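Student: Hi, could we go through this structure together? I have a few quick things to ask.

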Amino acid sequence: MTKLLMIEASTRGEHSISRNLAINFMAQWKLTHPEGEIVERDLATTHLPYMNLPWLQASLTPADRHTPGMKDVLQVSDELVAELLAADHIAISTPVYNYNVPANLKSYIDHIVRKGLTLGMTGEGLVHGKTCTVLMASGGVYTEGSPIRDRDIATTYLRLILKVIGIEDVTFVAAGGTKVVDLGERPRGEFLQTFDAAITSAVRA
């Protein structure tokens with residue numbers, strides 16, 4: 001059974017452009033994969049502890065030497081890694097804050113980049129054969145030709161970190177210019193419709 005893992009980072013609920021893109025993506029994906037399974041990971045409601053010394057010590061210790069305390073420290077991380085490895089298609093729905101991804105998505109990434117699980121001991125990526133779609137909403141426009149394209153840290157970072165763990169088949173749906181919706185200059189539904197074709201293409205890729 002084909003499985004989609006949808007990772008959602010925004011805390012804005014129904015008002016979030018990135019979450020609305022995710023809703024559209026999941027609906028299109030389900031039409032294309034009627035027998036498929038969708039697993040949603042909402043980072044706004046998931047407790048993601050930041051890295052600390054006990055976590056680092058546990059993550060760098062071989063699994064067969066884990067103490068009960070180490071297993072407890074890595075419980076959330078192990079669950080997130082298992083979700084990632086079980087998926088065929090991974091979608092990341094995220095806003096852009098201060099030119100980069102929000103803290104909860106960065107924390108998620110810290111939890112799933114794990115030596116021996118998603119990253120080899122010599123730095124090679126271990127996650128292969130997966131497709132990834134990034135649904136990104138930003139107030140600014142950073143696509144080709146934009147005068148502020150060099151500020152597009154979020155796209156560069158996500159493409160890099162996904163490649164590091166072995167995922168290179170990555171498509172970005174960049175919903176830039178969301179401030180027109182926040183300012184009431186354009187209806188949210190009308191704005192979202194402009195990305196329908198890109199989402200359909202990403203689903204079918």
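Student: Leaving aside its neighbours within four places in sequence, which residues is Asn-104 in contact with?

Tutor: Good place to begin! Asn-104 is in contact with Ala-9, Thr-11, Leu-43, Ala-44 and Leu-48, leaving aside neighbours within four places in sequence. Contact means heavy atoms within 4.5 Å. Keep in mind that this is a predicted model, where local features need pLDDT of at least 70, side-chain atom pairs count only at pLDDT 80 or more, and totals for chains, interfaces and linings use all residues. Residues are numbered from 1 along each chain as its sequence is written, and side-chain values use heavy atoms, with hydrogens and water left out.

Student: And is Asn-104 buried or exposed?

Tutor: Asn-104 counts as buried because its relative accessibility is 16%. Buried means under 20% relative accessible area, exposed over 50%, and partly exposed in between (1.4 Å probe, protein chains only).

Student: What lies 2.9 Å from a polar atom of the Asn-104 side chain?

Tutor: That is the backbone oxygen of Ala-9.

Student: Where is Asn-104 found?

Tutor: In helix α5. Helices (H or I, at least four residues) and strands (E, at least two) are DSSP runs, numbered from the N terminus.

Student: How many of the residues of α5 are buried?

Tutor: 7 of the 10, so α5 is largely enclosed by the rest of the structure. Besides Asn-104, the buried residues of α5 are Leu-105, Ser-107, Tyr-108, Ile-109, His-111 and Ile-112. What covers them includes β1, β2 (37–42), α2 (53–59), α4, β3 and α6.

Student: New topic: which residues have the most contacts inside the largest nonpolar core?

Tutor: Leu-105, Tyr-108, Val-134 and Leu-158, in a core of 30 residues. A nonpolar core is a set of buried Ala, Val, Leu, Ile, Met, Phe, Trp, Tyr and Cys residues joined through side-chain atoms within 4.5 Å.

Student: Which elements give two or more residues to this core?

Tutor: They are β1 (3–8), α4 (75–86), β3 (89–95), α5 (103–112), β4 (131–138), α6 (153–164) and β5 (169–176). The largest share, 5 residues, comes from α6. A second, separate core has 20 residues, including Phe-25 and Phe-191.

How values were computed: Polar contact = N/O pair within 3.5 Å; in protein donor to acceptor, adjacent residues only side chain to side chain.
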